[in-house]
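Me: I would like to go through this model and ask, term by term, what each label rests on. Please set the values against the cut-offs.

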Amino acid sequence: MANEKIPYKIYLDENELPKQWYNVRADMKNKPAPLLNPGTLEPMTFDELRPVFCDDLVAQELDDTTPYFDIPQEIQEFYKMYRPSPLVRAYCLEKALDTPAKIYYKFEGNNTSGSHKLNSAIAQAYYAKKQGLKGVTTETGAGQWGTALSMACSYFGLDCKVYMVKVSYEQKPFRREVMRTYGASVTPSPSETTQVGRKILAEHPGTTGSLGCAISEAVEAATTQEGYRYVLGSVLSQVLLHQSVIGLETKAALDKYGIKPDMIIGCAGGGSNLGGLIAPFAGQMLRGEADYRIIAVEPASCPSLTRGRFAYDFCDTGMVCPLAKMYTLGSGFIPSPNHAGGLRYHGMSSVVSQLYHDKYIEAVSVEQTAVFDAATKFARVEGILPAPESSHAIKVAMDEALKCRETGEEKTIVFGLTGTGYFDMVAYEKYNDGVMSDYIPTDEDLAAGFAGLPKVDK
Ligand SMILES: *Cc1c(COP(=O)(O)O)cnc(C)c1O
């Protein structure tokens, strides 16, 4: 089909959908460093993780050798309700930019949760149900993960308790109501309902919260209630495994038309959509079969890859979680409250961190007004109203396409359009009113976060 005109949207048939997830760790020579027990500094064992996560998910988390995991039939069936997601050829954007580059985006916003997070939420809810649990607890920042998880839990009849970062709880009442409509209970974090929440409130009265605080509260709520486990929407290797469905579909769609991308671009918060999108391509690079430029895009206000340290750190503010080796700004880092664009986690997936450290991935940081410039331009020509997070990838894809206009190169660019921005209208309003500002942390701001890194010689 190589000479056929590429359609606006490349879909896959139902029988072409992935039946297995791909675990990129199996092909990594330098494996991501193991999670450590914060008390003993020894690698976390299966038994130590079982009180926190479902058994099957612990097994996935600890497995860095099995390349493929079967996607259970029930999850494949749920995926069929909203997958495959389209791979769109951005003809209109190419024309608007007057670029010879060929731009494609994998659009994950075609489900009610509005993002890729449902791909892992349904998997995690499935394993909780299979284990006979009553319910799960979690944190949510901008609200997409909490929404996806409440949809997944209602599908399997599980209780869902969401700790929502306070600033988002207040700024995004509609997001909160979607979660409640799907039956979840939503608590603003930090809250008085947990020990760790009370401690954080006592130390930082009036704090607007952070993902790190909300994680601590959700973990405490799971481990102190019978029949509950904690689930996380990003960062963990199990989440990247589930999100590999994005990359596998993308690769299958490109292969159908004989297209080989030159670069693959994704936004990076905790690293799950990026890790999932690039998984099969990174696998080819790791096995020496192909070469691509892979670019992670992060906000200049929360620059974990471009300005962080590669070190063991706490995954949460309350320091109740295992230590992970990752690019991090320190678990005490809280991005400036005027940062509107999501992607505010202090660390990064240890898989993405290791691939970046080993130079398989490049990283760039971008400022939020430039991100909203790109988002607006994209919305006006491609129709989709993008999530601010996704717009980080749009911004860099557009920059790369403009470079091709200068050089005349017909590069093929693939980027991840992770979701829609309907619940981000407070941020768009600021942008439209011209009152959005860029805050880039100073070296002193970052030094405060680094000072809180645990001392680990590994
Ligand atoms: C959560 C989210 C992200 C960032 O999370 P990753 O784990 O880095 O993928 C990006 N885009 C959207 C729309 C999200 O909801």
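This is a predicted model: local features need pLDDT of at least 70, side-chain atom pairs count only at pLDDT 80 or more; totals for chains, interfaces and linings use all residues.

Me: What stands opposite Val 136 in E9?
Reply: Arg 229 of E9 stands opposite Val 136. Strand E6 (residues 135–140) and E9 run parallel and are joined by three bridges. Two strands count as paired if DSSP finds at least two bridges between them, so E6 and E9 qualify. Strands (E, at least two residues) and helices (H or I, at least four) are DSSP runs, numbered from the N terminus.

Me: What makes E8 and E9 edge strands?
Reply: Four strands form an open sheet in the order E8-E7-E6-E9, with parallel pairing. Strand E8 (185–189) and strand E9 (228–230) each pair on one side only, and they are the edge strands. Neighbouring strands of this sheet are turned by 25 degrees against each other on average, direction ignored.

Me: Which helix packs on the sheet, and what angle does its direction make with that of E6?
Reply: Helix H10 (residues 211–223) touches E6, strand E7 (159–165), E8 and E9, where contact means heavy atoms within 4.5 Å. The direction of H10 makes about 170 degrees with that of E6. Axes are lines fitted to C-alpha atoms, for helices over the stretch in contact, and angles run from 0 to 180 degrees between N-to-C directions.

Me: Why is the pair of Tyr 327 and Tyr 356 called edge-to-face?
Reply: Rings of Phe, Tyr and Trp (its six-membered ring) pair if their centres lie within 6.5 Å; planes under 30 degrees apart count as stacked, over 60 as edge-to-face and the rest as tilted. By this rule the count comes to 17 aromatic pairs. For Tyr 327 and Tyr 356 the centres are 5.0 Å apart and the planes 75 degrees apart, so the pair is edge-to-face. Tyr 327 lies in strand E13 (residues 323–328) and Tyr 356 in helix H14 (residues 350–357), so the pair ties together parts 29 residues apart in sequence.

Me: Are these two tyrosines buried or exposed?
Reply: Buried means under 20% relative accessible area, exposed over 50%, and partly exposed in between (1.4 Å probe, protein chains only). Tyr 327 has 10% and is therefore buried. Tyr 356, at 18%, is buried too.

Me: What makes Lys 325 a charge over a ring?
Reply: The rule asks for NZ of Lys or CZ of Arg within 6 Å of the ring centre and within 35 degrees of the ring normal. The charged end of Lys 325 sits over the ring of Phe 310, 4.7 Å from its centre. Arg 309 lies over the face of Phe 450, at 4.1 Å from the ring centre.

Me: How do you know that Cys 213 is in no disulfide?
Reply: A disulfide is a pair of cysteine sulfur atoms within 2.5 Å. The structure holds zero disulfides. The cysteine sulfur nearest to Cys 213, that of Cys 321, is 12 Å away, so Cys 213 is in no disulfide. At 1% relative accessibility, Cys 213 counts as buried.

Key
Residues are numbered from 1 along each chain as its sequence is written. Side-chain values use heavy atoms; hydrogens and water are left out.
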